[in-house]
Amino acid sequence: MAVGRSSRPSRTRISAPSSAASRLASGESTAGSVRDWLNVHDFGAQGDGGTDDTAAIQAALATAPMGGIVYLPAGAYRTSAPLTIPPAVTLMGTHTNLMTVPGLTDPPCYIKPLPSFAGAALILLLDAAAGGYSTISAEHRILNVMIDGQDLPALPPVDGLSAKGNIQNVGLRDFTVRQCTGNGIYCGENEGINPYSWRLHRVMLDNNCGHGLSVQVMTDLTMGDCRAIGNWASGFSIVNAANSLASMCRAEWNGNHGIHITGDWADGTGAGGILLSGRSTDRNGWHGVCVDAAGTPPIQISGLHTRRDGRNGGLGIAAATTPVLVSNMTCYPGTDDNGSQTSSPQYELAVTGAATLVQVDDAYLHAATQGLYSTSTGTLVIGAGVTEATGPTDAPVRTPPVATSSKGLVITAPAGAATYVIWRAPKACTVTAVRGYRVGGSGASINAQKNVADLLATDLPLSTPATWLSGPSVQNATFNAGDTLSVAVRSVTGSPAAVTVQVDVQGV
């Protein structure tokens with residue numbers, strides 16, 4: 001693709017007569033009616049890869065009536081300041097390139113800021129107060145447009161598209177933002193209000209220096225067939241997007257998380273979770289998907305395929321205080337394309353910290369070290385259709401659901417006594433052993449309970465060094481579906497650093 005060309009293909013261009021030019025600039029046709037389709041060339045834009053077209057494009061945007069379209073014919077449009085799209089106006093090009101393809105000679109069609117660009121973002125959407133609009137700020141649309149920020153100076157950071165405040169029902173389709181020095185798309189707060197109910201389809205966020213997409217408290221966000229690749233921070237950073245849906249999206253080779261679900265999702269009126277459906281991740285520097293959100297709305301992940309995330313510097317998935325429901329999840333580990341790096345991820349599903357409730361059903365968890373890894377003090381529910389695998393992809397060692405499955409849990413021993421619910425039986429099964437060891441300190445013991453009734457006649461003393469207590473501590477306790485297993489940790493003397501508890505389950 002001729003992204004870097006400063007010239008454009010020759011074309012026949014018909015200029016409006018001078019008597020009509022003023023009418024075009026005022027938004028009127030020669031017949032006197034308001035025009036709802038405005039060509040930026042009629043406002044003086046050149047699209048030749050060298051001319052500063054900022055004023056011409058902005059004049060067309062300001063002239064367009066609500067419901068109108070500002071059209072960018074094929075060309076390379078240079079800008080030196082942000083372009084502001086008014087409410088209910090569409091900015092539309094001929095096409096967008098979703099990836100840079102060497103040797104492709106299609107005509108360029110993009111907005112490319114000059115090295116002298118000054119502003120917070122290449123395209124701005126303003127709320128009614130900031131924009132001085134007499135109506136609510138809503139229904140902006142960007143179609144078939146690519147932004148190429150490769151000529152921007154490194155500082156200050158410049159976002160591709162920025163929107164702050166009450167800006168509703170924005171539609172982005174076939175929209176690419178690449179090589180901006182800030183975020184690809186940023187949505188944030190102004191005067192206590194955030195953007196609301198956006199729809200993104202076929203949006204590409206490519207090698208931006210911040211997040212690909214950064215959303216701060218957006219209700220009713222819908223994304224379909226969006227991709228974040230090579231961004232320096234996270235591909236998709238979503239801080240509370242209540243009642244939202246994201247499907248068929250991909251996060252690849254981003255510096256931090258592929259998809260980061262974070263922030264306080266609250267539990268009041270209007271709050272809700274998000275559904276991530278049919279998503280994939282690959283070779284992200286940290287977690288493929290990281291959920292460390294607070295609140296009570298459930299985060300639902302369905303149809304997730306992950307590969308090679310973390311590079312063993314992080315975990316596959318982490319979860320925190322919001323309930324996280326995972327189904328139809330697979331992982332296929334491996335090295336980078338050139339064969340470098342060790343196989344990753346180290347763990348496919350990692351449940352850590354204060355994760356309140358994580359439920360997993362119908363999953364194939366293949367990772368370099370361990371498919372399922374837990375250090376959580378919350379509830380981990382493993383369904384009947386979860387298979388774990390380790391080792392190389394050409395010779396995996398699989399642990400099918402019907403075989404013995406160990407659930408690991410690290411619990412910090414409190415000064416007194418505390419009980420943690422660590423597992424809820426998905427169906428009838430047998431707990432063959434609950435065992436553990438003490439990490440550091442002195443004088444720790446544990447007791448296991450089924451539905452609050454002791455499974456152990458006396459507390460099980462734990463010793464150090466860190467080796468599993470020999471022999472099962474529970475003899476074939478029968479659990480029915482819904483029964484809970486909890487472990488009481490007691491510090492008899494001193495302050496042990498931690499107690500590691502392992503539960504062996506047969507026939508889940």
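Student: Which side chains meet in a salt bridge with Asp282 or Arg308, and what counts as a salt bridge?

Tutor: A salt bridge is a side-chain nitrogen of Lys or Arg within 4 Å of a carboxyl oxygen of Asp or Glu. Here Asp282 and Arg308 form one with each other, at 2.7 Å from N to O. This pair links distant parts of the chain, 26 residues apart: Asp282 is in strand E23 (residues 274–282), and Arg308 is in the loop between strand E25 (299–307) and strand E26 (317–318). Strands (E, at least two residues) and helices (H or I, at least four) are DSSP runs, numbered from the N terminus.

Student: On what kind of model and numbering do these values rest?

Tutor: The model is predicted, with local features needing pLDDT of at least 70 and side-chain atom pairs counting only at pLDDT 80 or more, while totals for chains, interfaces and linings use all residues. Residues are numbered from 1 along each chain as its sequence is written, and side-chain values use heavy atoms, leaving out hydrogens and water.

Student: Are Asp282 and Arg308 buried or exposed?

Tutor: Buried means under 20% relative accessible area, exposed means over 50%, and partly exposed lies in between (1.4 Å probe, protein chains only). Asp282 is buried at 4%, and Arg308 is buried at 7%. Both residues also belong to a network of salt bridges that includes Arg227, Arg250, Glu252 and Arg283.

Student: How many salt bridges does a search of the whole structure find?

Tutor: The search finds 13. One of them joins Arg78 and Asp151, at 2.8 Å from N to O. Arg78 lies in strand E4 (residues 75–79) and Asp151 in the loop between strand E10 (141–148) and strand E11 (159–164), so this pair ties together parts 73 residues apart in sequence. Arg78 is buried, with 9% relative accessibility, whereas Asp151 is partly exposed at 27%.

Student: Which residue meets Arg178 in a salt bridge?

Tutor: The partner of Arg178 is Asp206, at 3.8 Å from N to O. Arg178 lies in strand E13 (residues 171–178) and Asp206 in strand E15 (residues 199–206), so the bridge ties together parts 28 residues apart in sequence. Both Arg178 and Asp206 are buried.

Student: How is an aromatic pair read, and how many are there?

Tutor: Rings of Phe, Tyr and Trp (its six-membered ring) pair if their centres lie within 6.5 Å; planes under 30 degrees apart are stacked, over 60 edge-to-face, and the rest tilted. By this rule there is one aromatic pair. The rings of Trp37 and Tyr71 have centres 5.5 Å apart and planes at 40 degrees, so the pair is tilted. Trp37 is in strand E1 (residues 37–39) and Tyr71 in strand E3 (residues 69–72), so parts 34 residues apart in sequence are tied together.

Student: Which residues of the largest nonpolar core touch the most other members?

Tutor: A nonpolar core is a set of buried Ala, Val, Leu, Ile, Met, Phe, Trp, Tyr and Cys residues joined through side-chain atoms within 4.5 Å. The largest core has 78 residues, of which Leu172, Phe175, Ile185, Trp198, Leu200, Met223 and Phe236 touch the most other members. A second, separate core of 21 residues includes Leu460, Leu462, Val499 and Val503.

Student: Which charged end sits over the ring of Phe236?

Tutor: A charge sits over a ring if NZ of Lys or CZ of Arg is within 6 Å of the ring centre and within 35 degrees of the ring normal. For Phe236, the charged end is that of Arg279, 4.8 Å from the ring centre. The charged end of Lys450 sits over the ring of Phe479, 5.4 Å from its centre.
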